[in-house]
Amino acid sequence: MTTPRIHIVHAGDLTPGDLDLWNALRRVATAAPANPFMSAEFTQAVGRVRRDARVAVLRHGRRPVGYFPYQQGRWGHGRAVGLGVSDCQGVVLHPDDVDLDPRHLMRACSLNAWEFNHLESGQDLFIPYATGRFASPVVDLTHGYAAYETHLRAHSRSLLKSTRAQERRLARHLGPLRFVHDERHPAALRTLVEWKSAHYRRTGRRDPFDQRWISDLVHLLADTTSPDCSGVLSVLYAAERPVAAHFGLRSRTVLSCWFPSYDRTVATFSPGRILYLRMIEAAAASGVRLIDFGRGEAAYKDSFKTGDLMVHEGVLRTSGPGAALHWLRREPLRAAHRVVRENPALKRAAVRTLRAVGTIRGSA
(Lines give C-alpha, C1' and ligand atoms only; values in the text may rest on other atoms or scores of the structure.)
Protein backbone atom coordinates (compact mmCIF):
# COMPACT_ATOMS: atom_id res chain seq x y z
CA MET A 1 0.00 0.00 0.00
CA THR A 2 1.14 3.54 -0.75
CA THR A 3 0.21 6.88 0.75
CA PRO A 4 -2.41 8.58 -1.45
CA ARG A 5 -2.22 12.11 -2.80
CA ILE A 6 -4.90 14.36 -1.25
CA HIS A 7 -6.78 17.05 -3.12
CA ILE A 8 -9.38 19.33 -1.43
CA VAL A 9 -12.61 20.35 -3.19
CA HIS A 10 -15.73 22.16 -2.06
CA ALA A 11 -18.48 19.66 -1.27
CA GLY A 12 -20.97 21.50 -3.46
CA ASP A 13 -18.68 21.04 -6.46
CA LEU A 14 -18.82 17.24 -6.49
CA THR A 15 -19.54 16.08 -10.04
CA PRO A 16 -21.86 13.23 -11.12
CA GLY A 17 -18.71 11.19 -11.67
CA ASP A 18 -17.56 11.89 -8.12
CA LEU A 19 -20.97 10.80 -6.78
CA ASP A 20 -20.85 7.52 -8.70
CA LEU A 21 -17.26 6.74 -7.66
CA TRP A 22 -17.89 7.66 -4.01
CA ASN A 23 -20.99 5.50 -3.71
CA ALA A 24 -19.45 2.60 -5.59
CA LEU A 25 -16.40 2.75 -3.33
CA ARG A 26 -18.67 2.87 -0.27
CA ARG A 27 -20.44 -0.31 -1.42
CA VAL A 28 -17.23 -2.31 -1.88
CA ALA A 29 -15.19 -0.74 0.92
CA THR A 30 -17.29 -1.52 3.96
CA ALA A 31 -19.52 -4.15 5.47
CA ALA A 32 -21.43 -1.44 7.36
CA PRO A 33 -25.08 -0.78 6.44
CA ALA A 34 -25.53 1.61 3.51
CA ASN A 35 -26.51 4.58 5.65
CA PRO A 36 -27.64 7.50 3.43
CA PHE A 37 -25.83 10.01 5.66
CA MET A 38 -22.59 8.47 4.38
CA SER A 39 -23.58 8.93 0.74
CA ALA A 40 -21.96 11.39 -1.62
CA GLU A 41 -25.35 13.03 -2.20
CA PHE A 42 -25.74 13.96 1.46
CA THR A 43 -22.31 15.63 1.53
CA GLN A 44 -23.05 17.39 -1.77
CA ALA A 45 -26.34 18.69 -0.34
CA VAL A 46 -24.57 20.04 2.75
CA GLY A 47 -22.10 21.73 0.41
CA ARG A 48 -24.94 23.49 -1.35
CA VAL A 49 -26.15 25.09 1.89
CA ARG A 50 -22.83 25.60 3.70
CA ARG A 51 -19.77 27.37 2.34
CA ASP A 52 -17.46 25.58 4.81
CA ALA A 53 -18.19 22.03 3.58
CA ARG A 54 -15.14 20.33 2.04
CA VAL A 55 -14.11 16.94 0.72
CA ALA A 56 -10.59 15.55 0.75
CA VAL A 57 -10.27 13.35 -2.35
CA LEU A 58 -7.62 10.65 -1.94
CA ARG A 59 -6.02 9.39 -5.15
CA HIS A 60 -3.50 6.87 -6.37
CA GLY A 61 -2.49 8.42 -9.66
CA ARG A 62 -5.76 9.54 -11.20
CA ARG A 63 -7.83 6.89 -9.44
CA PRO A 64 -9.86 7.99 -6.38
CA VAL A 65 -9.40 5.60 -3.45
CA GLY A 66 -11.12 7.57 -0.73
CA TYR A 67 -13.24 10.55 0.29
CA PHE A 68 -13.19 12.44 3.58
CA PRO A 69 -16.03 14.97 4.05
CA TYR A 70 -15.66 17.68 6.71
CA GLN A 71 -16.52 21.24 7.63
CA GLN A 72 -13.68 23.75 7.84
CA GLY A 73 -14.08 26.13 10.79
CA ARG A 74 -12.04 29.00 12.11
CA TRP A 75 -8.53 28.42 13.48
CA GLY A 76 -8.37 25.03 11.75
CA HIS A 77 -11.20 23.58 13.82
CA GLY A 78 -13.05 20.98 11.76
CA ARG A 79 -16.28 19.07 12.27
CA ALA A 80 -17.98 16.10 10.66
CA VAL A 81 -19.97 17.26 7.66
CA GLY A 82 -23.51 18.13 8.73
CA LEU A 83 -22.63 17.84 12.43
CA GLY A 84 -25.79 18.52 14.39
CA VAL A 85 -28.07 16.76 11.92
CA SER A 86 -25.93 13.94 10.49
CA ASP A 87 -26.56 10.54 12.05
CA CYS A 88 -23.62 8.68 10.47
CA GLN A 89 -20.10 10.03 9.93
CA GLY A 90 -16.67 8.94 8.81
CA VAL A 91 -14.35 8.48 5.87
CA VAL A 92 -14.89 6.36 2.75
CA LEU A 93 -11.73 4.39 1.96
CA HIS A 94 -10.83 1.55 -0.36
CA PRO A 95 -10.20 -1.43 1.96
CA ASP A 96 -6.92 -2.55 0.36
CA ASP A 97 -5.28 0.38 -1.42
CA VAL A 98 -4.94 3.07 1.25
CA ASP A 99 -2.16 3.54 3.80
CA LEU A 100 -3.29 6.66 5.63
CA ASP A 101 -2.05 8.36 8.79
CA PRO A 102 -4.95 10.37 10.28
CA ARG A 103 -2.61 13.22 11.25
CA HIS A 104 -1.34 13.39 7.68
CA LEU A 105 -4.98 13.67 6.58
CA MET A 106 -5.52 16.50 9.08
CA ARG A 107 -2.51 18.42 7.77
CA ALA A 108 -3.68 18.02 4.17
CA CYS A 109 -7.07 19.44 5.19
CA SER A 110 -5.46 22.30 7.16
CA LEU A 111 -7.15 21.01 10.32
CA ASN A 112 -5.79 20.79 13.86
CA ALA A 113 -9.00 19.20 15.17
CA TRP A 114 -11.87 17.14 13.73
CA GLU A 115 -14.96 16.62 15.87
CA PHE A 116 -17.54 13.84 15.40
CA ASN A 117 -20.60 12.60 17.30
CA HIS A 118 -22.06 9.81 15.13
CA LEU A 119 -18.95 8.00 13.89
CA GLU A 120 -19.99 4.60 12.58
CA SER A 121 -18.39 1.43 13.88
CA GLY A 122 -15.63 0.10 11.66
CA GLN A 123 -14.04 3.52 11.15
CA ASP A 124 -10.67 2.27 12.35
CA LEU A 125 -8.89 5.46 11.33
CA PHE A 126 -10.81 7.50 13.94
CA ILE A 127 -12.07 4.99 16.54
CA PRO A 128 -8.90 5.47 18.66
CA TYR A 129 -9.96 9.10 19.21
CA ALA A 130 -13.50 8.29 20.37
CA THR A 131 -14.43 9.37 23.90
CA GLY A 132 -17.95 7.92 24.00
CA ARG A 133 -19.87 4.99 22.56
CA PHE A 134 -23.66 5.02 22.13
CA ALA A 135 -26.41 2.71 20.96
CA SER A 136 -28.35 3.54 17.81
CA PRO A 137 -31.53 1.38 17.92
CA VAL A 138 -32.41 -0.40 14.67
CA VAL A 139 -35.13 -2.57 13.14
CA ASP A 140 -33.75 -5.53 11.19
CA LEU A 141 -36.02 -6.27 8.22
CA THR A 142 -33.71 -8.77 6.52
CA HIS A 143 -36.41 -11.43 6.63
CA GLY A 144 -39.31 -9.12 5.81
CA TYR A 145 -42.16 -7.53 7.70
CA ALA A 146 -43.92 -10.78 8.63
CA ALA A 147 -40.82 -11.92 10.50
CA TYR A 148 -40.65 -8.53 12.22
CA GLU A 149 -44.26 -8.85 13.40
CA THR A 150 -43.37 -12.27 14.79
CA HIS A 151 -40.54 -10.61 16.69
CA LEU A 152 -42.91 -7.97 18.09
CA ARG A 153 -45.36 -10.61 19.26
CA ALA A 154 -42.58 -12.36 21.11
CA HIS A 155 -40.86 -9.29 22.58
CA SER A 156 -43.42 -6.48 22.63
CA ARG A 157 -46.84 -8.08 22.29
CA SER A 158 -48.65 -5.18 24.00
CA LEU A 159 -47.16 -2.68 21.50
CA LEU A 160 -48.61 -4.44 18.48
CA LYS A 161 -51.99 -5.05 20.10
CA SER A 162 -52.38 -1.55 21.55
CA THR A 163 -51.26 0.17 18.35
CA ARG A 164 -53.83 -1.72 16.28
CA ALA A 165 -56.50 -0.79 18.84
CA GLN A 166 -55.47 2.87 18.67
CA GLU A 167 -55.75 2.74 14.89
CA ARG A 168 -59.39 1.69 15.19
CA ARG A 169 -60.11 4.32 17.85
CA LEU A 170 -58.54 7.11 15.79
CA ALA A 171 -60.54 6.10 12.70
CA ARG A 172 -63.78 6.11 14.73
CA HIS A 173 -62.95 9.50 16.24
CA LEU A 174 -61.79 11.39 13.10
CA GLY A 175 -62.56 9.26 10.06
CA PRO A 176 -60.84 6.80 7.70
CA LEU A 177 -57.06 6.51 7.96
CA ARG A 178 -54.75 6.80 4.97
CA PHE A 179 -51.00 6.28 5.02
CA VAL A 180 -48.61 7.63 2.37
CA HIS A 181 -45.08 6.25 2.62
CA ASP A 182 -43.44 8.69 0.18
CA GLU A 183 -45.53 11.87 0.22
CA ARG A 184 -44.42 14.55 -2.24
CA HIS A 185 -46.87 17.34 -1.40
CA PRO A 186 -44.93 20.37 -0.02
CA ALA A 187 -47.74 21.25 2.42
CA ALA A 188 -47.17 18.00 4.30
CA LEU A 189 -43.50 18.82 4.89
CA ARG A 190 -44.40 22.33 6.06
CA THR A 191 -46.84 20.83 8.56
CA LEU A 192 -44.21 18.45 9.90
CA VAL A 193 -41.66 21.26 10.32
CA GLU A 194 -44.24 23.36 12.20
CA TRP A 195 -45.04 20.47 14.56
CA LYS A 196 -41.37 19.71 15.12
CA SER A 197 -40.39 23.33 15.75
CA ALA A 198 -43.20 23.67 18.28
CA HIS A 199 -41.96 20.51 20.02
CA TYR A 200 -38.42 21.86 20.30
CA ARG A 201 -39.68 25.13 21.77
CA ARG A 202 -42.06 23.36 24.13
CA THR A 203 -39.29 21.14 25.51
CA GLY A 204 -36.82 24.01 25.90
CA ARG A 205 -34.48 22.78 23.18
CA ARG A 206 -32.95 24.80 20.40
CA ASP A 207 -34.99 24.57 17.22
CA PRO A 208 -32.65 23.40 14.44
CA PHE A 209 -35.02 24.82 11.83
CA ASP A 210 -34.13 28.29 13.10
CA GLN A 211 -30.79 27.72 11.39
CA ARG A 212 -31.27 28.56 7.74
CA TRP A 213 -28.84 25.95 6.48
CA ILE A 214 -30.67 23.10 8.23
CA SER A 215 -34.05 24.22 6.93
CA ASP A 216 -32.62 24.56 3.41
CA LEU A 217 -30.89 21.18 3.69
CA VAL A 218 -34.10 19.37 4.63
CA HIS A 219 -36.02 20.92 1.75
CA LEU A 220 -33.16 20.17 -0.66
CA LEU A 221 -33.03 16.52 0.42
CA ALA A 222 -36.81 16.25 0.23
CA ASP A 223 -36.41 16.70 -3.54
CA THR A 224 -33.47 14.26 -3.80
CA THR A 225 -34.30 10.89 -5.36
CA SER A 226 -30.92 9.18 -5.76
CA PRO A 227 -30.81 5.41 -5.04
CA ASP A 228 -28.08 6.08 -2.45
CA CYS A 229 -29.77 9.05 -0.76
CA SER A 230 -33.41 9.92 -1.15
CA GLY A 231 -35.68 12.02 1.04
CA VAL A 232 -38.75 10.12 2.24
CA LEU A 233 -41.70 11.88 3.86
CA SER A 234 -44.23 9.49 5.41
CA VAL A 235 -47.61 10.84 6.49
CA LEU A 236 -50.58 9.37 8.35
CA TYR A 237 -53.89 11.03 7.48
CA ALA A 238 -57.20 10.73 9.30
CA ALA A 239 -60.15 11.92 7.20
CA GLU A 240 -57.53 13.56 4.92
CA ARG A 241 -56.10 15.51 7.87
CA PRO A 242 -52.39 14.88 8.66
CA VAL A 243 -52.03 13.55 12.21
CA ALA A 244 -48.44 12.22 12.17
CA ALA A 245 -45.46 12.50 9.85
CA HIS A 246 -41.82 11.55 9.55
CA PHE A 247 -39.07 12.78 7.25
CA GLY A 248 -35.99 10.63 6.82
CA LEU A 249 -33.36 9.54 4.32
CA ARG A 250 -33.07 6.19 2.61
CA SER A 251 -30.52 4.36 0.53
CA ARG A 252 -31.16 1.16 -1.36
CA THR A 253 -31.43 -0.86 1.84
CA VAL A 254 -31.39 1.54 4.85
CA LEU A 255 -33.99 4.02 6.08
CA SER A 256 -32.52 6.52 8.55
CA CYS A 257 -35.09 8.13 10.81
CA TRP A 258 -34.64 11.87 11.19
CA PHE A 259 -37.59 14.17 12.00
CA PRO A 260 -40.78 12.56 13.39
CA SER A 261 -43.71 14.48 14.88
CA TYR A 262 -47.49 14.44 15.26
CA ASP A 263 -50.57 16.55 15.93
CA ARG A 264 -50.74 17.00 19.71
CA THR A 265 -54.51 17.43 19.64
CA VAL A 266 -54.84 13.69 18.91
CA ALA A 267 -51.95 12.55 21.10
CA THR A 268 -54.19 10.23 23.15
CA PHE A 269 -54.55 8.01 20.07
CA SER A 270 -50.76 7.48 19.74
CA PRO A 271 -50.60 8.62 16.09
CA GLY A 272 -46.80 8.45 16.12
CA ARG A 273 -46.79 4.75 16.96
CA ILE A 274 -49.41 4.05 14.31
CA LEU A 275 -47.27 5.93 11.78
CA TYR A 276 -44.12 4.01 12.69
CA LEU A 277 -45.76 0.61 12.41
CA ARG A 278 -47.15 1.43 8.97
CA MET A 279 -43.86 3.03 7.94
CA ILE A 280 -41.88 -0.07 8.92
CA GLU A 281 -44.26 -2.27 6.91
CA ALA A 282 -44.04 -0.01 3.85
CA ALA A 283 -40.26 0.28 4.11
CA ALA A 284 -39.89 -3.50 4.14
CA ALA A 285 -42.10 -3.76 1.04
CA SER A 286 -39.94 -1.16 -0.75
CA GLY A 287 -36.68 -3.08 -0.22
CA VAL A 288 -35.42 -1.52 3.02
CA ARG A 289 -33.59 -4.07 5.14
CA LEU A 290 -32.64 -1.88 8.10
CA ILE A 291 -34.33 1.06 9.80
CA ASP A 292 -31.96 3.14 11.92
CA PHE A 293 -33.69 5.21 14.63
CA GLY A 294 -30.49 7.11 15.41
CA ARG A 295 -28.63 7.75 18.63
CA GLY A 296 -30.70 8.90 21.59
CA GLU A 297 -32.94 7.41 24.23
CA ALA A 298 -36.69 7.20 23.63
CA ALA A 299 -39.32 4.73 24.81
CA TYR A 300 -40.73 4.22 21.31
CA LYS A 301 -37.30 3.25 19.99
CA ASP A 302 -36.93 0.57 22.65
CA SER A 303 -40.42 -0.72 21.82
CA PHE A 304 -39.89 -1.03 18.07
CA LYS A 305 -36.20 -2.00 17.84
CA THR A 306 -34.79 -5.46 17.21
CA GLY A 307 -31.23 -4.52 18.17
CA ASP A 308 -28.61 -1.76 18.21
CA LEU A 309 -25.75 -0.46 16.14
CA MET A 310 -23.01 1.52 17.87
CA VAL A 311 -21.87 5.05 17.06
CA HIS A 312 -19.07 7.05 18.64
CA GLU A 313 -18.31 10.63 19.57
CA GLY A 314 -14.95 12.23 20.08
CA VAL A 315 -12.33 14.45 18.50
CA LEU A 316 -9.03 13.97 16.71
CA ARG A 317 -6.60 16.73 17.65
CA THR A 318 -3.10 17.33 16.38
CA SER A 319 -0.53 19.35 18.35
CA GLY A 320 0.05 23.08 18.53
CA PRO A 321 -1.80 26.19 19.68
CA GLY A 322 -4.83 25.64 17.41
CA ALA A 323 -5.49 22.20 18.89
CA ALA A 324 -4.97 23.57 22.40
CA LEU A 325 -7.50 26.32 21.71
CA HIS A 326 -10.01 23.72 20.51
CA TRP A 327 -9.51 21.75 23.73
CA LEU A 328 -10.14 24.86 25.83
CA ARG A 329 -13.27 25.77 23.88
CA ARG A 330 -14.83 22.29 23.72
CA GLU A 331 -13.59 19.95 26.41
CA PRO A 332 -15.02 21.58 29.59
CA LEU A 333 -18.50 21.67 28.01
CA ARG A 334 -18.16 18.13 26.66
CA ALA A 335 -17.10 16.91 30.11
CA ALA A 336 -20.08 18.65 31.73
CA HIS A 337 -22.47 17.02 29.25
CA ARG A 338 -20.91 13.64 29.95
CA VAL A 339 -21.37 14.03 33.71
CA VAL A 340 -25.05 14.95 33.28
CA ARG A 341 -25.64 12.16 30.78
CA GLU A 342 -24.14 9.50 33.06
CA ASN A 343 -25.88 10.67 36.26
CA PRO A 344 -29.62 9.79 36.25
CA ALA A 345 -30.52 12.40 38.88
CA LEU A 346 -28.69 15.19 37.04
CA LYS A 347 -30.21 14.04 33.75
CA ARG A 348 -33.75 14.21 35.17
CA ALA A 349 -33.05 17.66 36.60
CA ALA A 350 -31.75 18.85 33.22
CA VAL A 351 -34.90 17.58 31.48
CA ARG A 352 -37.11 19.36 34.04
CA THR A 353 -35.16 22.57 33.51
CA LEU A 354 -35.54 22.36 29.74
CA ARG A 355 -39.27 21.80 30.08
CA ALA A 356 -39.54 24.80 32.39
CA VAL A 357 -37.71 26.91 29.82
CA GLY A 358 -40.11 25.63 27.16
CA THR A 359 -43.10 26.61 29.32
CA ILE A 360 -41.70 30.13 29.77
CA ARG A 361 -41.13 30.41 26.02
CA GLY A 362 -44.69 29.27 25.35
CA SER A 363 -46.20 31.82 27.72
CA ALA A 364 -44.02 34.73 26.54
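Lys-196 counts as buried in this predicted model, because its relative accessibility is 11%, where buried means under 20% relative accessible area, exposed over 50% and partly exposed in between (1.4 Å probe, protein chains only). Residues are numbered from 1 along each chain as its sequence is written, and side-chain values use heavy atoms, with hydrogens and water left out. As the model is predicted, local features need pLDDT of at least 70 and side-chain atom pairs count only at pLDDT 80 or more, while totals for chains, interfaces and linings use all residues.

Lys-196 sits in helix α6 (residues 186-202); helices (H or I, at least four residues) and strands (E, at least two) are DSSP runs, numbered from the N terminus. Leaving aside residues up to four places away in sequence, Lys-196 touches Phe-209, Phe-259, Pro-260 and Ser-261, with contact meaning heavy atoms within 4.5 Å. Pro-208 is twelve residues from Lys-196 along the chain, and the two C-alpha atoms are separated by 9.5 Å.

Buried residues make up 50% of its 364 residues. Of the contacts between residues at least 6 apart in sequence, 75% join residues at least 24 apart.

Next comes helix α8. Eleven of the 15 residues of α8 are buried, so the helix is largely enclosed by the rest of the structure. Among them are Pro-271, Gly-272 and Ile-274, along with the run Leu-275, Tyr-276 and Leu-277. Further along α8, Met-279, Ile-280, Ala-282, Ala-283 and Ala-284 are buried as well. After α8 comes Gly-287, with a positive phi near 105 degrees.

Helix α5 (residues 157-174) packs against α8 at an angle of about 110 degrees, with the axes 9 Å apart. Axes here are lines fitted to C-alpha atoms, for helices over the stretch in contact, and angles run from 0 to 180 degrees between N-to-C directions. The two helices, α5 and α8, are therefore roughly perpendicular to each other, on a scale where angles under 35 degrees count as roughly parallel, over 145 as roughly antiparallel, 65 to 115 as roughly perpendicular and the rest as oblique. Their crossing is left-handed; that is the term if the near helix is turned anticlockwise from the far one by less than a right angle, and right-handed is the term if clockwise. From α5, the contact takes in Leu-159, Leu-160, Thr-163, Arg-164, Gln-166, Glu-167 and Leu-170, which meet Arg-273, Ile-274, Leu-277 and Arg-278 in α8. By class, the residues of this contact are five nonpolar, two polar and four charged, with Ala, Val, Leu, Ile, Met, Phe, Trp, Tyr, Cys and Pro counted as nonpolar, Asp, Glu, Lys and Arg as charged, and the others, Gly among them, as polar.

Helix α4 (residues 144-155) also packs against α8 through its buried residues, as well as against β7 (130-140), α5 and α9 (299-304). Those buried residues are Gly-144, Tyr-145, Tyr-148, Glu-149 and Leu-152. The twelve residues of α4 reach 17 Å from first C-alpha to last, close to the 16 Å expected at 1.5 Å a residue.

A further helix pair is α2 (residues 40-49) with α7 (residues 212-222), packed at about 135 degrees with axes 9 Å apart. At that angle α2 and α7 are therefore oblique to each other, and their crossing is right-handed. Phe-42, Ala-45, Val-46, Arg-48 and Val-49 of α2 make the contact with Trp-213, Asp-216, Leu-217, Leu-220 and Leu-221 of α7. This contact has eight nonpolar, no polar and two charged residues.

Trp-75, in the loop between β3 (63-72) and β4 (77-80), has a positive phi of about 60 degrees although it is not a glycine. Trp-75 is partly exposed, with a relative accessible area of 46%. Ala-239, in the loop between β10 (229-238) and β11 (241-250), is likewise not a glycine and has a positive phi of about 50 degrees. Ala-239 counts as partly exposed at 40% relative accessibility.

How values were computed
The expected span of a helix is 1.5 Å times one less than its number of residues.
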